[in-house]
Amino acid sequence: MSGPAAGTAHAATTTDVVCLGESMVTFLPSQPGRLADVPSFGRGIGGAESNVACALAAAGHRAAWVGRVGADGFGDHLVETIASYGVDTSAVRRDPVRPTGIYFRTATDRGTDTHEVAYYRAGSAASAMSPANVPYEELFAGRILHLSGITAALSGDCLALLRELTAARPGRPLVSFDVNHRPHLWRGGDVDASVLLELARRADLVFVGEDEAEEAWGIVGAEAIRAAVPEPSVLVVKRGSAGATVFASGLRPGPRSSIAGGAENADTVTHVPALRVDVVAAVGAGDAFAAGFLSATLRGLSVRDRVRHGHLMAAAVLTVPGDLTEPPSRDHADRLVALGDEAWGTLRLGPGWTSADRAPEEVRTP
């Protein structure tokens, strides 16, 4: 199948979110230090889009992951592990020639100078994804199709695929795009990170960090980012410890909003402060934030509450060593999201906070 048929229907879908992208086997260090000094590694999984799918499934949504892995043991491990979270992996394709990608990383935060990552993904099965070999019927089967800029950097065919999937056409599901700029993936390639701006402008819902926008596009500040990316109905600018700012056209700022909104409503700007979190490891927080925001979007919650759910889902991952963890129950998360601004501002979350019976003192009421 060379491309999606015009008017592909998804109104009767049983899937909430379909996530497309590369997932890899990741080797996590047994102790801090340089890769050269780490004596052993534990095996895990890593992949922005599959992380989102796993988090959404753990939160009670019907999520599917579409990707391409090798016909090897690492491919078996990826598919089985992702499926164990409740994610539909039936549309994952196996490549008989190319291997599953793997990578090694240090224990430090990727934002520090001491962080190291050694990727072995060149020529991987996922890099062979193209408009000619992906299952379009499954990709367009959800209410939301979630993509990321990482896929665009893997190969020319992968970039062509994202351009195909973000093209405007009747019946297209809401397209969510996380810029996910990874500088090392673009160095020395035939194209550069400027294509991420093109893809963002073709999506309906975009996630981008202020630091990413400056590094990839030379754009500084949330307002300037919105000016450069005016087309999406919803633009989420992540501002680190300062929180997140959402620019939304066609979304009512009240207690409940539709999944896409209506063009008759004026643009609104919503800022939501970040939480204070006792961080164990920062890897995977951006994917968790996207999952929390998408979860609340599917539920039709207000823009503020979407961001708060994103912050809470990120906090769940920040307080554990790996990329994935069991999120707080929906009731627990909803209770925290409903806090007043002052209580939200004083909330501090540490390891174990997702258990309802171990809620922090700051959120207990007399």
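Cys 19 is buried, at 0% relative accessible area. Buried here means under 20% relative accessible area, exposed over 50%, and partly exposed in between, with a 1.4 Å probe and protein chains only. Cys 158 is also buried, at 0% relative accessibility. The whole structure holds zero disulfides, a disulfide being a pair of cysteine sulfur atoms within 2.5 Å. Cys 19 is in none, and its nearest cysteine sulfur, that of Cys 54, is 8.9 Å away.

This is a predicted model, in which local features need pLDDT of at least 70 and side-chain atom pairs count only at pLDDT 80 or more, while totals for chains, interfaces and linings use all residues. Residues are numbered from 1 along each chain as its sequence is written, and side-chain values use heavy atoms, with hydrogens and water left out.

**Aromatic pairs**

A pair of aromatic rings is described by the distance of the centres and the angle of the planes. Rings of Phe, Tyr and Trp (its six-membered ring) pair if their centres lie within 6.5 Å; planes under 30 degrees apart count as stacked, over 60 as edge-to-face and the rest as tilted. The structure has nine aromatic pairs. Two of them are set out here.

| Pair | Centre to centre | Angle between planes | Class |
|---|---|---|---|
| Phe 104 and Tyr 120 | 6.0 Å | 90 degrees | edge-to-face |
| Phe 207 and Phe 293 | 5.5 Å | 90 degrees | edge-to-face |

Phe 104 sits in strand β7 (residues 102-105) and Tyr 120 in strand β8 (residues 117-120), 16 residues apart. Helices (H or I, at least four residues) and strands (E, at least two) are DSSP runs, numbered from the N terminus. Phe 104 is partly exposed, at 22% relative accessibility. Tyr 120 is exposed, at 52%. Ring pairs also join Phe 104 and Tyr 120 with Phe 27, Phe 41 and Phe 74 in a cluster.

The pair of Phe 207 and Phe 293 links distant parts of the chain. Phe 207 belongs to strand β11 (residues 205-209) and Phe 293 to helix α10 (residues 285-298), 86 residues apart. Phe 207 is buried, with a relative accessible area of 1%. Phe 293 is buried too, with 1%.

**Helices α10 and α11**

Two packed helices are described by the angle between their axes and the distance between the axes. The axes of α10 and helix α11 (residues 303-318) come within 7 Å and cross at roughly 145 degrees. Axes are lines fitted to C-alpha atoms, for helices over the stretch in contact, with angles from 0 to 180 degrees between N-to-C directions. Phe 293 is among the α10 residues that make the contact, along with Phe 289 and Gly 292. On the α11 side, the residues include His 309, Met 313 and Leu 318. Contact means heavy atoms within 4.5 Å.

**Two threonines**

Thr 166 lies in the loop between α5 (156-165) and β10 (174-178). Thr 166 is buried, at 2% relative accessibility. A polar atom of its side chain lies 2.8 Å from the backbone oxygen of Leu 162. The side chains of Thr 166 and Arg 202 make a polar contact of 2.9 Å. A polar contact is a pair of N or O atoms within 3.5 Å; within protein, one must be able to donate a hydrogen and the other to accept it, and residues adjacent in sequence count only if both atoms are side-chain atoms. Beyond its neighbours within four places in sequence, Thr 166 is in contact with Leu 147, Arg 172, Val 175, Leu 199 and Arg 202.

Thr 268 lies in strand β14 (residues 268-272). Thr 268 is buried, at 17% relative accessibility.
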